[in-house]
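Hi there,

Here is the structure I promised to pass on to you. Have a look at it first, and then read my notes below.

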Amino acid sequence: MKSRIAKLQRSIARENIDALLVSELSHVRYLCGFAATEMLDGMLVVLRKSAHLFTDFRYREQASEQVSGAKVHIVERQLITDLCDFKPLGKPYFRIGFESDFLTYGTLDKLKTGISKGIFIPTNDFVEDLSIVKDRIELSKIKGAVKISDTAFERILGMIEPGLRENEIAAELEYQMKMLGSEKPAFETIVASGYRAALPHGLASSKVIKKGEMITFDFGATYEGYVSDITRTVFVGKATSRQKKVYNTVAKAQLKAIDAAKAGMACEKL
């Protein structure tokens with residue numbers, strides 16, 4: 001975690017910024033390990049030579065266990081109020097960067113009012129640029145999320161039969177992922193059968209699955225903050241020759257794309 005914060009500090013120094021307010025919770029977790037679940041349950045202030053996590057009393061024990069590379073501040077009032085009283089931010093003409101894609105206008109307005117001498121600078125992609133290249137620890141967590149998803153899917157395959165509803169299968173899939181260690185679904189699980197399989201985002205519905213239909217699954221697990229995203233297609237009963245042709249056409253295209261993929265290639269080239 002310290003190395004990630006150090007890289008970020010070098011980035012903000014190059015941009016002539018004195019501090020960066022990290023408000024996106026996934027970015028906070030990436031940088032210092034703190035895993036809050038709701039906006040403004042925590043905010044990370046990265047100065048050029050130190051980092052400070054602000055959160056409230058509910059997360060005292062969690063922060064002490066999880067946070068690395070940053071000093072923890074347990075706020076006594078509201079988070080924004082205490083943040084505005086943080087002395088380093090109160091210096092005249094202090095250049096304060098904020099994540100413009102994530103910080104709300106209302107919160108920014110309160111910060112500007114409370115830190116009236118500061119100069120607020122919108123930033124983009126500071127943390128995203130750091131996280132593009134995954135380290136060994138991140139790769140292991142991504143593999144963990146994939147393994148959970150794969151194993152859960154294998155478990156439910158034998159349960160699929162005509163008469164079940166899409167949302168029943170989705171619930172079972174999410175339950176199995178949870179039992180295998182997933183924190184939560186990576187996104188809302190898609191189970192789309194029959195005509196609904198043509199929907200790009202056919203979230204699981206109360207539709208009853210019928211014999212002979214194809215079912216599209218799109219699902220993922222979350223493991224220690226990292227997610228998987230898996231799409232699978234299955235047949236209920238025996239597939240027709242037309243269904244096999246469609247399936248194999250897509251499968252061959254996917255395999256060709258995998259073979260063509262090379263480091264440094266833009267995704268659009270695939």
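Helices (H or I, at least four residues) and strands (E, at least two) are runs assigned by DSSP and numbered from the N terminus. With that in hand, you can find Ala171 in helix α8, residues 166–179. This is a predicted model, where local features need pLDDT of at least 70, side-chain atom pairs count only at pLDDT 80 or more, and totals for chains, interfaces and linings use all residues. Residues are numbered from 1 along each chain as its sequence is written, and side-chain values use heavy atoms, leaving out hydrogens and water.

Ala171 is partly exposed, at 43% relative accessible area; buried means under 20%, exposed over 50%, and partly exposed in between (1.4 Å probe, protein chains only).

Next, the sheet. Six strands form an open sheet in the order β4-β3-β2-β1-β5-β6, with mixed pairing. Its edge strands, β4 (71–74) and β6 (119–123), each pair on one side only; strands pair if DSSP finds at least two bridges between them. Strand β3 (residues 51–55) runs parallel to β4, joined by 4 bridges, and Thr55 stands opposite Ile74 in β4.

Finally, look at Glu213, in the loop between β7 (190–193) and β8 (214–219). Glu213 is buried, because its relative accessible area is 13%. The side chains of Glu213 and Lys207 make a polar contact of 2.9 Å. That term means a pair of N or O atoms within 3.5 Å; within protein, one must be able to donate a hydrogen and the other to accept it, and residues adjacent in sequence count only if both atoms are side-chain atoms.

Enjoy exploring!
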